[in-house]
Amino acid sequence: MHGRDGTDARGGLGTLDEAVRRDLEVIGYPRREWVPPRYHDGRRVLDVAIIGAGQGGLATAFALRRTSIDNVQIFDRAARGGEGPWITFARMITLRTPKYVTGPDLGVPNLTPRAWFEARYGAQAWEKLDKIPRQDWQAYLDWYRDILDLPVANDHALEAVEWEDGLLRLSFRTSGGDVHTHYARKLVLATGIEGCGEWHVPAFIRDSLPRERFAHTSESIDFAALKGRRIGVLGAGASAFDNAATALEAGAGSVTLCLRRREIPSINPYRWMENTGFLAYFPALEDRLRWGFMRRIFELNQPPPQDTFWRCRRHANFAYHTGCPWEGVRMDGDDIVVRTPKGEMRFDFVIIGTGFSVDLSRRPETRSFAHSVVLWRERYVPPAGEESEVLGTYPYLGERYQFIARDPADPLAPMLANIHNFTFAATPSMGLSGASISGMRFGVERLAQGLGRDLYVADGQEHLDSLLSYDTPELVSLDPPVSDPV
């Protein structure tokens, strides 16, 4: 296998692997695991269980290892290779973030995406690169997982979280139906964009069309089967345009994209957010300011990048309509009929790019305690004119990403304090975090420090007792030194 400039990619990665191992050896201090072990029914209790083996979950495990917290396990419901969106339902050609973004590396130069890319394809290929292809980003994450030997249990879907004897009892189910139980002191939810809710399909579409005639942008879609068909796409965000472009490139007869907004979004707030002040210190702001930031960011949304729009616009059979919400749908024979302010439109298949909704009761891993979690609408009342129904549905988190109980006297309050939300739903409280490449560098370190702090404080007496009983002498002799023989 050779790189894009003729370099031996396999040899380059081998050299990089050696460099990474040396880096970790050089910076490996402290070197002792320090969290006292806990046991339940004779089994070691996990110090931290991480749900999700995508970029956020992997980076969190590495950050914990950097703080000498090694009794960690990552669980993912997908089979190996299917974690995260990058080669499953993401349909952009490249990442939307700048190529020089860092994050999972946690400041180790040889673990950066650039180091990996140059080792695989050569330095010249990096210089010519605009943005990192999404398949390469997944390949980088696969390499990252392997070179760090991170502990991942695939095919483990978390079905329930319970509070038992001051521990989190986690119930998992495999694709074969087997049920596994693990106990943990801390739980990190690193389950991505929809990790605190579900992908949203408007009820009037879901209830009116046969299931085989529509798909959400997050779903598997057989684009080859859409060749020659009339495709309708609903949505104004980048993923709607990604899916429209993919359908066009697969030979769709026509693609018509409709959006409610009067103009296609063009300003990307993520580029503004990529500054150290916001990424590092946003969580310290008062509620009024955090609400103001997020209301504006959510209002702007994430527009299609210029190259994504051109992917669609280069096709003569692509059309888009602004100020054109879908008001109703029905079947007329074999046609899907969509009612809009601009008249009826007829399609053979429709793709829904309406994002996701935040609702903890819709997720199996959060359903059991959803009723106890305080939301933003219950902690902050914005001034008139600054309301946001969407923002109000997000959980209001503590400074270490932990859920907070509506009622401090709730018996589940101690459990919630040990469940840390590292999904996109953390954004209003904590800014860009694990579900965003742009904010990962700061979010992962903040989370790992918070987890370590909680564990140390909880075990404070044991650490003091350890010091009081520590009796390993360093000075072992009061005699003169033995002279070396001549």
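**Cavity, backbone and buried residues**

User: Which helices each supply at least two residues of the lining of the largest cavity?

Analyst: This is a predicted model, in which local features need pLDDT of at least 70 and side-chain atom pairs pLDDT 80 or more, while totals for chains, interfaces and linings use all residues. Residues are numbered from 1 along each chain as its sequence is written, and side-chain values use heavy atoms, without hydrogens or water. Helices are DSSP runs of H or I with at least four residues, strands are E runs of at least two, and both are numbered from the N terminus. The helices that each supply at least two lining residues are helix 2 (55-66) and helix 5 (134-147).

User: What is the volume of the largest cavity?

Analyst: A cavity is a set of points on a 1 Å grid over the protein atoms alone where a 1.4 Å probe fits but cannot get out, and its lining residues have an atom within 4 Å of a point. Grid points are joined across faces, edges and corners, and the volume is the space filled by probe spheres set on them. The search of the whole structure finds one cavity of 30 Å³ or more. The volume of the largest cavity is about 50 Å³.

User: How many residues of the lining of the largest cavity come from helix 5?

Analyst: The lining consists of Ala53, Gly54, Gln55, Leu58, Glu83, Gln138, Leu141, Asp142 and Arg145. By class, it divides into three nonpolar, three polar and three charged residues. Helix 5 gives the largest share of this lining, and its contribution is four residues.

User: Is Thr94 buried or exposed?

Analyst: Thr94 lies in the loop between strand 4 (72-75) and helix 3 (113-121). Leaving aside residues up to four places away in sequence, Thr94 touches Lys131, Ile132, Pro133, Arg134 and Asp307, where contact means heavy atoms within 4.5 Å. Buried means under 20% relative accessible area, exposed over 50%, and partly exposed in between, with a 1.4 Å probe and protein chains only. Because its relative accessible area is 17%, Thr94 is buried.

User: Is the peptide bond from Tyr29 to Pro30 cis or trans?

Analyst: Pro30 is found in the loop between helix 1 (9-26) and strand 1 (39-40). With omega near -15°, the peptide bond from Tyr29 to Pro30 is cis.

User: What is the phi of Leu106, a residue other than glycine?

Analyst: Leu106 belongs to the loop between strand 4 and helix 3. At 9% relative accessibility, Leu106 is buried. The phi of Leu106 is positive, at a value near 50°.

User: What is the phi of Asp155?

Analyst: Asp155 sits in the loop between strand 5 (152-153) and strand 6 (157-164). Its relative accessibility of 26% makes Asp155 partly exposed. The phi of Asp155, positive in a residue other than glycine, is near 55°.

User: How many disulfides does the count come to?

Analyst: A disulfide is a pair of cysteine sulfur atoms within 2.5 Å. Cys312 is buried at 0% relative accessibility, but its sulfur is 13 Å from the closest cysteine sulfur, in Cys258, and is therefore too far for a bond. By this rule the number of disulfides is zero.

User: Which residue has its C-alpha atom separated by 9.3 Å from that of Ile205?

Analyst: Ile205 is found in helix 6 (residues 203-206) and is buried at 0% relative accessibility. Beyond four places in sequence, Ile205 touches Phe214, Leu234, Trp326, Val329 and Ile352. The residue at a C-alpha separation of 9.3 Å, 121 residues apart along the chain, is Trp326.

Technical notes
On a 1 Å grid over the protein atoms alone, a cavity is a set of points where a 1.4 Å probe fits but cannot get out, and a pocket is an open set with protein on both sides within 12 Å along at least five of seven lines; lining residues have an atom within 4 Å of a point. Ala, Val, Leu, Ile, Met, Phe, Trp, Tyr, Cys and Pro count as nonpolar, Asp, Glu, Lys and Arg as charged, and the others, Gly among them, as polar.
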